[in-house]
Amino acid sequence: MLTSVDPDVIRALGDPLRLRIVTLLARETLCTTHLVEETGARQTNLSNHMKVLREAGLVETEPCGRFTYYRLRPEVLATLSGQFAALAESARTAAENKRACP
C-alpha cells in the first residue's frame, strides 16, 4: 500500500550537512564534539541541525555526563525506504496508464 512520505524527514535529509551527519551516525553513535570535528561545522550551527534531525525523528539523544550522544533511528530510514520503494513500484505499474486529454 502506498503511503505518503513524511515531509519533515525529507526536509531534514535535504540539507547536505544534515545528510553528512546522518551518514556519520549510521556508522557509530557520536557526541557533539565528535560531530563538530568530523563536519567542521561550528557547535551552534551543528546544534541547530541536530534539533531539526531530532524533531524529524531521525536521531535520538543519550546524555552522558556533560556530553550528549546522538544515535540514528534506523527504523525511520527503513520506513522511508519502504515508502520510496512503494512509489517506485507504483510508477512501474502505472507507466502504461495515460489519461486522455479532454
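Contact here means heavy atoms within 4.5 Å.

**View 1. Who touches whom along the chain.** This is a predicted model. Take the contacts in the chain with a separation of 6 or more: 56% of them come from residues 24 or more positions apart.

**View 2. Helices and strands in order.** You can pick out 5 helices and 3 strands in the chain. Start at the N terminus and read along, and the elements go α-α-β-α-α-β-β-α.

**View 3. The outline of the chain.** Along the principal axes, the C-alpha atoms take up a box of roughly 65 × 25 × 20 Å. The radius of gyration of the chain is 18 Å, while a compact globule of 102 residues would come in near 13 Å.

**View 4. Cys31 and Cys64.** How many disulfides are there? The count is 0. A pair of cysteine sulfur atoms has to lie within 2.5 Å to count as a disulfide. For Cys31, the nearest cysteine sulfur belongs to Cys64 and sits 8.8 Å away, so Cys31 is in no disulfide.

**View 5. Cys31 and Cys101, buried or exposed?** Cys31 has 3% relative accessibility, so Cys31 counts as buried. Cys101 has a relative accessible area of 73%, so Cys101 is exposed. Across the chain, 28% of the 102 residues count as buried.

**View 6. The surface and its charges.** The chain shows an accessible surface of about 7,000 Å², and carbon and sulfur atoms hold 53% of that. As for charge, there are 13 positive and 12 negative side chains, with the centres of the two sets 5 Å apart.

Note on methods: Residues numbered from 1 in each chain as written. Predicted model: local features only at pLDDT ≥ 70, side-chain atom pairs only at ≥ 80, totals over all residues. Heavy atoms only, no water. Buried < 20%, exposed > 50% of the residue type's maximum accessible area, 1.4 Å probe, protein only. Helix = DSSP H or I, 4+ residues; strand = E, 2+ residues; numbered from the N terminus. Rg over C-alpha atoms; globule rule 2.2 N^0.38 Å. Areas by Shrake-Rupley, 256 points an atom, 1.4 Å probe, with all protein chains shown as cover. Lys, Arg positive; Asp, Glu negative; His and termini not counted. Charge placed at Lys NZ, Arg CZ, Asp CG, Glu CD.
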